[in-house]
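Q: I have a structure open and would like to learn how to read its features one by one. Could you take me through them?

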Amino acid sequence: MKLIVEIQKQLPHYDLDISFTVEGETLGLLGSSGSGKSMTLRCIAGIETPTQGTIALNDRILYDSHKGINLPSRDRKVGFVFQHYALFPHMTVAQNIAYGLRGLSKSATHQRVTEQLKQVQLLELGDRYPHQLSGGQQQRVALARALATEPDVLLLDEPFSALDTHLRSELEKQLITTLSSYRGLTLFVSHNLEEAYRVCQKLLVLDQGKVVAAGDKQVIFDRPGTLAVAQLTGCKNYSRIQHINRYTVRALDWSCILQTVDSVLPVHTHIGIRAHQITFLDTLDQIPDQPNTFPAWVVWTSETPHRMTVYLKLREPPIDLDDYHLQAEVFKEKWERLKNRPMPWFIYLNSDRLTLLQP
Amino acid sequence: MIWQPAILSLQVTVLASVMILLLGLSLGIFLARKQFPGQIVVSTLLNLPLVLPPSVVGYFLLLALGRGSPIKEWLGIDLLFTWQAGAIASAVVALPLMVESTRAAIANVNPELEAAARTLGSTEWEVLRRITVPVAYRGILAGFGLSVARGLGEFGATLMVAGSIPGRTQTLPLAIYDAVQMQRYTLANVMVLIMTTIAFVLLWWVRHLEAQHPHNRTQRQPQLQKRRHETHRRDSKTASPLRSGY
């Protein structure tokens, strides 16, 4: 299974210019709203037509502007799951799933529908109409309907974003199970990076219609490479830098000097660190002259169910609430141990975790 | 005396309904789905019978069906002063209601439903037959009900192209006029009652269809109301992309 996409499309607000290849694994398309991820999916499905380029699936050409090939959606063998389900409101769940099944006998159709219903755990709801189901159930029907025709590619366009949080994680688990038994390729569009990370093996990060990062998800998260990718993958702290020597930079926005593991190149303009990778030092004795270790004052905190986000000012006390350098995330247990200590605290920015960024 | 116009009205309405259904449905679908230069001109022309005096519509129909018209000269069909001409007049006057309702109902169908059907292997014709028209069904039927009611009551244009020949072209509305002219009020009363009842029933049916539109159905099922609301929630991002060509 192999999908090659190389397309350009002119759009009112930006131009889409995307190329990538998927083989076997589940690919996540990550990007903010309007980055072109949904449009890319629609072009692959034949719902939208690119301005030019090629789309090839295995040895079939789905679209080629030079050869004048533009296969209609119906011949592309793609399954599409829409954000808002797009179930046919006038058909029952079973009829929805059976819609794409052609040339099968009545009993064979019935059997396939039953299999699909069983797989998404909706066996007893086959006679219901879509409006009688919850959002999560509707999306499971949509998934079953797309998979019933055994498409070569399954395209999921933000399938969970219209759902409540608890339904989301439940559906996500089910999707991962379902995908493990699916032989085709899967493209999963999301603007939720954690969701994309859990569901997919590979990621494609889009910004303004361009691919800004592609590859193994772990690599992209660990070494985002550019500022845009760092931001899109949820990196909260970054600063402009001034080169001092090969392994030392001045972080201008954090007013401190940092040692790095990677050598600093002229292309690097920023340095970043993820909020949960900031270390709070416990021992007070060996502190002052260690590299990358700084006194820090808590400016303010913000609480989430399990974690605390702590806004920190380095090297001197803050003037007001907006006067902070870094945000750090710590688990509640850790926070309980930290919170009553006298200021300043000492934090350590591990050189392994600092990532040099290009613009 | 009352049966003849009643039967003629029925004949005229049935034939007019067939024309309204076929023409109105295709024109409505066409206008909802295709963009072409001069679209506004075409839909304005189609809506003219709504506002023109019936005599003007009748006059145009005389030109279209009478001496010198292709139908008369080339095909040799003389429709003037037949009940079929009355049916054509009814259909033309009622058509705008059907076209407009159909167009609105079809345009309202979520384009993602059609896109989904296409990815599931449907041809354009199949999409239209199995998804678009069935989903828009209530709106189309409501438009049809309105048009039939309007066509049934057609008077002016019918008078001009079919006349008011008792037993041949005199439908109920024309017969009522005659009865009043001849001061046969009992007869007029009966026919007025029949017309009013039929019109009322048709309009009631149309309202009923509109009230049962799937988007309003939750009002009958309070336990599902919240869910329905959630499932119809849209964010600004995906609600419009297909239309605006984003």
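Q: What volume does the second largest cavity have?

A: The general idea comes first: rolling a probe the size of a water molecule over the atoms shows where empty space is left. This is a predicted model, and in it the second largest cavity has a volume of about 80 Å³. A search of the whole structure finds four cavities of 30 Å³ or more.

Q: Which residues line the second largest cavity?

A: The lining consists of A:Val81, A:Gln139, A:Arg140, A:Leu143, A:Leu156, A:Pro159, A:Phe160, A:Leu171, A:Gln174 and A:Leu175. By class, they divide into seven nonpolar, two polar and one charged. Helix 4 and helix 5 (165-180) of chain A each supply at least two residues of this lining.

Q: And the second largest pocket: how many residues line it, and which lie nearest its centre?

A: The pocket is lined by 28 residues, and B:Ala32, B:Arg33, B:Pro111, B:Glu114 and B:Arg118 lie nearest its centre. The space in this pocket comes to about 940 Å³. Its lining has twelve nonpolar, seven polar and nine charged residues. Several helices of chain B each supply at least two lining residues, among them helix 1 (3-33), helix 5 (83-107) and helix 7 (124-152).

Q: Let's turn to sheets. In what order do the five strands of the open sheet in chain A lie?

A: Strands of a sheet pair through backbone hydrogen bonds, either parallel or antiparallel. Here the order is 14-13-12-15-21 in chain A, with antiparallel pairing. Strand 14 (256-259) and strand 21 (355-357) of chain A each have a single partner strand, so they stand at the edges with one side left without a neighbour in the sheet. From one strand to the next, the twist averages 40°.

Q: How many bridges join strand 13 to strand 14 of chain A?

A: Four bridges join these antiparallel strands, strand 13 covering residues 248-251. To find the pairing on screen, look for A:Arg250, which stands opposite A:Ile257 in strand 14 of chain A.

Q: Now salt bridges. How many does a search of the whole structure find?

A: Side chains of opposite charge can pair when their charged atoms come close. The search finds 23 salt bridges over all chains. One of them joins the side chains of B:Glu126 and A:Arg102, at 3.1 Å from N to O. This pair crosses between chains, from helix 7 of chain B to the loop between helix 2 (93-98) and helix 3 (106-119) of chain A. B:Glu126 and A:Arg102 also belong to a network of salt bridges with B:Arg130.

Q: Are B:Glu126 and A:Arg102 buried or partly exposed?

A: B:Glu126 has a relative accessible area of 15%, so it counts as buried, the cut-off being under 20%. A:Arg102, at 35%, is partly exposed.

Q: What parts of chain A does the pair A:Arg112 and A:Glu150 tie together?

A: The side chains of A:Arg112 and A:Glu150 meet in a salt bridge at 4.0 Å, N to O. A:Arg112 lies in helix 3 and A:Glu150 in the loop between helix 4 (135-148) and strand 8 (153-157) of chain A, so the pair ties together parts 38 residues apart in sequence. A:Arg112 is partly exposed at 21% relative accessible area, and A:Glu150 is partly exposed at 46%.

Q: How far apart are the closest N and O atoms of A:Glu316 and A:Lys313?

A: They are 3.5 Å apart, in a salt bridge. A:Glu316 counts as partly exposed at 45% relative accessibility, whereas A:Lys313 counts as buried at 5%.

Notes. Residues numbered from 1 in each chain as written. Chains lettered and ligands numbered in written order. Predicted model: local features only at pLDDT ≥ 70, side-chain atom pairs only at ≥ 80, totals over all residues. Heavy atoms only, no water. 1 Å grid on protein atoms, 1.4 Å probe; cavity = no way out; pocket = protein on both sides within 12 Å on 5 of 7 lines; lining within 4 Å. Points joined across faces, edges and corners; volume = space filled by probe spheres on them. Nonpolar A, V, L, I, M, F, W, Y, C, P; charged D, E, K, R; others polar. Pairing = 2+ DSSP bridges. Axes fitted to C-alpha atoms, helices over the stretch in contact; angles between N-to-C directions. Buried < 20%, exposed > 50% of the residue type's maximum accessible area, 1.4 Å probe, protein only.
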